[in-house]
Amino acid sequence: MQLRYNFRLYPTVGQQQSLAQAFGCSRVVFNDALAIRQQAFREGRRVTDAELSKLLTESKKTPERSWLGGVSAVVLQQALADLNTAYRNFFGSVTGTRKGSKVAAPRFRSRRDNRQAIRFTRNARFTVTAGEKLRLPKIGDVKVAWSRRLPSEPSSVTVIKDAAGRYFASFVVEVETRTLPEVDAEVGIDLGLTSFAVLSDGRVIENPRLFRRAERKLRKAQQALARKQKGSSNRGRARIKVARAHAKIADQRRDFAHKLSTTIVRDNQAVFVEDLCVQGLARTRLAKSVHDAGWSMFTRLVGEKAARHGRYFAKVDRFYPSSQLCSACGVVDGKKPLHVRSWTCRCGVSHDRDVNAAKNILAAGQVERLNACGVRVSPGRVPALRGEAGTHRKRPRALVGISVL
């Protein structure tokens with residue numbers, strides 16, 4: 001299994017200039033290749049990757065592009081590889097062979113993009129020196145803030161500069177899967193906004209609301225940026241201040257999602273969550289709160305860590321009526337508006353809305369897990385899937401995807 005290990009870089013002023021030159025050369029090569037492919041498309045012909053690589057070599061000999069020789073050739077070749085990947089994803093999205101959301105056609109890169117990146121492969125012969133520094137060709141030995149050791153020899157490293165002016169090194173390494181000891185606990189998770197998550201065992205994870213808490217400080221920084229004259233040095237410093245405020249919020253959200261997902265995967269043998277339509281919810285009046293919660297990142301991390309550590313992870317269909325079912329008798333009690341946080345079933349059992357939904361998600365996930373393993377399950381054995389008045393409703397499709405080791 002391949003993983004990425006990210007570390008903070010602290011280049012010197014001279015190294016920052018060399019990195020800026022490498023960023024610019026990579027961007028120019030990407031844009032030149034994109035222009036050539038677009039022109040070839042208009043003319044009805046096809047340009048191969050070998051032809052683009054040959055054109056790059058020839059352009060470095062011309063006076064207009066001779067400065068491309070000042071950076072590592074691997075960086076320029078990886079820019080062409082990025083363009084090839086972008087087109088492959090675009091055509092796969094158009095033809096339907098690529099899963100996930102639609103991908104647009106590649107666009108030209110700009111020096112004003114918030115994120116600049118270059119990649120070095122093993123052909124570039126980057127190394128970690130005895131002094132714990134990262135040696136990059138034609139850049140030098142860059143100081144690295146090592147938070148942990150690399151588990152194996154990296155196959156590539158990507159140097160990234162974010163909008164806040166910070167530099168990072170992202171290593172791709174091969175790691176072995178570490179299966180955790182089996183436990184009996186299984187959990188269903190109901191995600192929300194009032195509470196970030198409610199577990200089927202009754203535990204409630206409070207929503208940190210990181211953006212809301214920092215909104216006042218961020219608003220003042222953005223107001224100060226708006227007052228600065230465009231093109232001035234003061235505006236540049238104000239822009240960095242706003243970017244750092246956003247970066248701090250993103251770092252805190254990422255840290256929260258990592259810690260919570262690690263705890264849940266470690267303590268449970270199987271994890272089931274609802275497949276929420278985040279893109280649809282992000283177009284409602286709750287958009288700011290939905291983005292602040294970070295549900296997609298959390299569920300992605302749970303799935304990745306479950307696959308790495310031998311846990312079972314699945315998503316329950318978003319149309320499954322988890323909030324309408326009574327987890328005790330299985331009666332469908334109808335839709336309930338969001339302000340109804342607790343209700344009493346006709347069987348006499350009182351339910352907390354979120355805890356009841358989490359229990360139903362767990363029950364639906366367990367049924368489909370048994371079915372996936374080839375075990376025949378009777379609907380009568382699962383009260384959460386029963387209909388009203390003791391009749392058995394058609395079992396809804398509960399899972400849309402499974403990620404297992």
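## Terms and model

Buried here means under 20% relative accessible area, exposed means over 50%, and partly exposed lies in between (1.4 Å probe, protein chains only). By that cut-off Arg125 is exposed, with a relative accessible area of 71%.

This is a predicted model, in which local features need pLDDT of at least 70, side-chain atom pairs count only at pLDDT 80 or more, and totals for chains, interfaces and linings use all residues. Residues are numbered from 1 along each chain as its sequence is written, and side-chain values use heavy atoms, with hydrogens and water left out.

## The chain as a whole

Let us start with the overall picture. The chain has nine helices and 15 strands; these are DSSP runs numbered from the N terminus, with helices being H or I of at least four residues and strands being E of at least two. Its C-alpha atoms fill a box of roughly 85 × 50 × 50 Å along the principal axes. Of the 405 residues, 40% count as buried. A contact means heavy atoms within 4.5 Å, and among contacts between residues at least 6 apart in sequence, 68% join residues at least 24 apart.

The accessible surface comes to about 23,100 Å², and carbon and sulfur atoms hold 50% of that. Areas come from the Shrake-Rupley method with a 1.4 Å probe; for residues, only the protein chains shown count as cover.

## Charges and a positive patch

The chain carries 76 positive and 34 negative charges, and their mean positions are 7 Å apart. Lys and Arg count as positive and Asp and Glu as negative, while His and the chain ends are not counted. Each charge is placed at NZ of Lys, CZ of Arg, CG of Asp or CD of Glu.

Arg216, Arg219, Lys220 and Arg227 form a positive surface patch. Patches are made of residues with over 30% relative accessible area and no salt bridge, joining like charges within 9 Å and nonpolar side chains (Val, Leu, Ile, Met, Phe, Trp, Tyr) within 5 Å.

## Two loops with positive phi

Most residues other than glycine have a negative phi. Arg125, however, has a positive phi of about 60° although it is not a glycine. This arginine sits in the loop between β2 (116–121) and β3 (127–128).

Glu132 also has a positive phi, near 65°. You will find Glu132 in the loop between β3 and β4 (133–136), partly exposed with a relative accessible area of 35%.

## Salt bridges

The structure holds 17 salt bridges, each a side-chain nitrogen of Lys or Arg within 4 Å of a carboxyl oxygen of Asp or Glu. Among them is the pair of Arg135 and Asp141, at 2.8 Å from N to O. Arg135 is partly exposed at 42% relative accessibility, and Asp141 is partly exposed at 29%. Another pair is Arg266 with Asp267, at 3.5 Å from N to O; Arg266 is partly exposed at 44%, as is Asp267 at 32%.

Asp275 and Arg318 meet at 3.2 Å, N to O. This pair links distant parts of the chain, 43 residues apart: Asp275 is in the loop between β11 (270–274) and α6 (278–281), and Arg318 is in the loop between β12 (312–316) and β13 (342–344). Asp275 is buried, with a relative accessible area of 14%, whereas Arg318 is partly exposed at 34%. Elsewhere, salt bridges that share partners join Asp162, Arg166, Asp251 and Arg254 into one network.
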